[in-house]
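Subject: Structure for your review

Dear colleague,

Please find the structure below. My notes on it follow, grouped by region.

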Amino acid sequence: MPETEAPLISLPLFPLQAVLFPGGLLSLKVFEARYLDLVSASLRESKPFGVVALRQGSEVRKAGEPVVLEDIGTTAELLDVDSTQPGILQVRCRGLHRFKVQSREQQSDGLWLAHATVIDDDDVNIAPVGAYLESVRGLANAIATLKQQGTEPFLKPFKFESAGWVANRWCEILPISVAAKQKLMELPDPQVRLQLVNEFLRTKGVVK
């Protein structure tokens, strides 16, 4: 039997100079009209939007500046929306599922709309094994240290038994480029993603 094609979903896009991973926490300061409208619609309709990394261009719209977006991003759901001053929203989101853009168009207000297909989630049953247990312990230690410093960058529940979750959380805090994080996020095999993270941690002396 022929494979069933994944259905297309329609997503407004929020381009950033950052990569959102599934299960990740994203804080945004929203002030451009197009994104204030996006957040309002997402809140009103209880629908996610798409976060994509910028390959070229800036987050704030500039006339005549070329903008190039990555083709794979992550859907985001709103957790908190707070208006501390007129015209500005402080937003916290959770990364949900990866998606691949099949087509996109830009509206007159600058907002990008995409037709996309959802990418399968990491298999949660794939666990960190032997060689990567130091990376798991290292992440637990990093979380404890960050908490002591008053920072909690990860959403609970913590899933140290999941290779994908451990790899994704490391990717969020490692001092690597947006392009490198994008490549890691795109990898379909969470074990391979964790292996690459583990190799990086070893080269930096974070784990033995």
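**Loops and backbone**

Ser46 sits in the loop that connects helix H1 (33-45) to strand S3. This is a predicted model, and the values here are computed from it. Although Ser46 is not a glycine, its phi is positive, at about 55°. Is Ser46 buried or exposed? Ser46 is exposed, because its relative accessible area is 65% and the cut-off for exposed is over 50%.

A cis peptide bond is found between Lys156 and Pro157, with omega about 5°. Pro157 belongs to the loop between helix H2 (133-148) and H3.

Gln17 is in the loop between strand S1 (9-16) and S2. Its relative accessibility is 47%, so Gln17 counts as partly exposed. In sequence Gln17 and Leu54 are 37 residues apart, but their C-alpha atoms are 5.4 Å apart in space.

**Strand S2**

In a regular strand, side chains alternate between the two faces of the sheet. Strand S2 (residues 25-30) has Leu26, Leu28 and Val30 on its covered face, while Leu25, Ser27 and Lys29 make up the uncovered one. S2 runs antiparallel to strand S6 (residues 88-106), and six bridges join the two.

An α-helix has 3.6 residues a turn, so residues three or four places apart point the same way. With that in mind, here are two helices.

The buried residues in H4 are Lys181, Gln182, Leu184 and Met185. They cover an arc of only 165° around the axis, and therefore lie on the same side of H4. Which exposed residues does the face of H4 turned away from its buried side carry? They are Ala179 and Lys183.

Helix H5 (residues 190-203) has 14 residues. From first C-alpha to last, H5 reaches 20 Å, which is close to the 20 Å expected at 1.5 Å a residue. Buried in H5 are Pro190, Gln191, Arg193, Leu194, Val197, Asn198 and Leu201. Their arc around the axis is only 155°, which puts them on the same side of H5.

**Cavity**

Rolling a probe the size of a water molecule over the atoms shows where empty space is left. The count of cavities of 30 Å³ or more comes to one. The largest cavity holds about 40 Å³ of space. Strand S3 (49-56), strand S5 (72-85) and helix H4 (178-186) are the elements that each give two or more residues to its lining. The lining consists of Ala18, Val19, Leu20, Val51, Val52, Ala53, Ile72, Gly73, Thr74, Gln182 and Met185. By type, eight of these residues are nonpolar, three are polar and none is charged. Gln182 and Met185, both in this lining, are also among the buried residues of H4.

The largest pocket contains about 390 Å³ of space. It is lined by 18 residues, of which Pro22, Gly23, Leu96, Lys159 and Trp165 are the closest to its centre. At least two residues of the lining come from S6, and at least two from helix H3 (163-173). What does the lining of the largest pocket divide into? The division is six nonpolar, six polar and six charged.

Regards

How values were computed: Residues are numbered from 1 along each chain as its sequence is written. This is a predicted model: local features need pLDDT of at least 70, side-chain atom pairs count only at pLDDT 80 or more; totals for chains, interfaces and linings use all residues. Side-chain values use heavy atoms; hydrogens and water are left out. On a 1 Å grid over the protein atoms alone, a cavity is a set of points where a 1.4 Å probe fits but cannot get out, and a pocket is an open set with protein on both sides within 12 Å along at least five of seven lines; lining residues have an atom within 4 Å of a point. Grid points are joined across faces, edges and corners, and a volume is the space filled by probe spheres set on the points. Helices (H or I, at least four residues) and strands (E, at least two) are DSSP runs, numbered from the N terminus. Ala, Val, Leu, Ile, Met, Phe, Trp, Tyr, Cys and Pro count as nonpolar, Asp, Glu, Lys and Arg as charged, and the others, Gly among them, as polar. Buried means under 20% relative accessible area, exposed over 50%, partly exposed in between (1.4 Å probe, protein chains only). Two strands pair if DSSP finds at least two bridges between them. The expected span of a helix is 1.5 Å times one less than its number of residues. The arc is that of the directions from the helix axis to the C-beta atoms.
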